[in-house]
Amino acid sequence: MFAIPRNTVFLYLVIIGIVDAMVFAYDKHCARKESRRIPERLLHLLELLGGVFLIVPLMYILRHKNRKFKYYAVTYLILLLWVALLYLMNGHSLMQ
């Protein structure tokens, strides 16, 4: 099977995490200014692409979206999916 080098995956996750963190922080800025916001679907898409690892701590650091249960639940579901994917990419099996 095709194997992706770990450092490539790590670099990808860092880059997408930084992009997602900037978009998330901008949404917080817009919320304070009561201006046009970033759609939650876009925020979740960026999380699904790998930015979730920085978004979870940022939810608490910036105090943004951490009290909105639906957003919180979807974000943590995406986090669980990524953890499972990374586990499988390391050659482990979920069914043993």
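Modeller: A residue is called buried under 20% relative accessible area, exposed over 50%, and partly exposed in between, using a 1.4 Å probe and protein chains only. This is a predicted model, so local features need pLDDT of at least 70 and side-chain atom pairs count only at pLDDT 80 or more, while totals for chains, interfaces and linings use all residues. Residues are numbered from 1 along each chain as its sequence is written, and side-chain values use heavy atoms, with hydrogens and water left out.

Biologist: What is the length of helix α3, in residues and in Å?

Modeller: Helices (H or I, at least four residues) and strands (E, at least two) are DSSP runs, numbered from the N terminus. The expected span of a helix is 1.5 Å times one less than its number of residues. Helix α3 covers residues 69-89, which is 21 residues, and reaches 30 Å from first C-alpha to last, close to the 30 Å expected. After α3 comes G91, with a positive phi near 85°.

Biologist: Which residues of α3 are buried?

Modeller: Y71, T75, I78, L79 and W82 are buried in α3. Viewed down the helix axis, the buried residues of α3 fall within an arc of 105°, so they line one face of the helix. That arc is taken over the directions from the helix axis to the C-beta atoms. On the other side of α3, the exposed residues are F69, K70, L77 and L80.

Biologist: What covers the buried residues of α3?

Modeller: The cover includes α1 (6-33) and α2 (40-61). Contact means heavy atoms within 4.5 Å. H44 is an example from helix α2. With neighbours within four places in sequence left aside, H44 is in contact with Y71, V74, T75 and I78. H44 has a relative accessible area of 14%, so it is buried.

Biologist: Which residues form the nonpolar patch on the surface?

Modeller: Patches are made of residues with over 30% relative accessible area and no salt bridge; like charges are joined within 9 Å, and nonpolar side chains (Val, Leu, Ile, Met, Phe, Trp, Tyr) within 5 Å. Accessible areas come from the Shrake-Rupley method with a 1.4 Å probe, and for residues only the protein chains shown count as cover. Here the nonpolar patch consists of Y12, L42, L45, L48, L49, L77 and L81, with about 630 Å² of accessible area together. Helix α2 gives the most, four residues, and α2 and α3 each supply at least two. L81 lies in helix α3.

Biologist: How many salt bridges does a search of the whole structure find?

Modeller: Side chains of opposite charge can pair when their charged atoms come close. A salt bridge is a side-chain nitrogen of Lys or Arg within 4 Å of a carboxyl oxygen of Asp or Glu. The search finds three. One joins R37 and D27 at 2.9 Å, N to O. This pair links distant parts of the chain, with R37 in the loop between α1 and α2 and D27 in helix α1, 10 residues apart.

Biologist: Are R37 and D27 buried or partly exposed?

Modeller: R37 is partly exposed at 36% relative accessible area, whereas D27 is buried at 0%.
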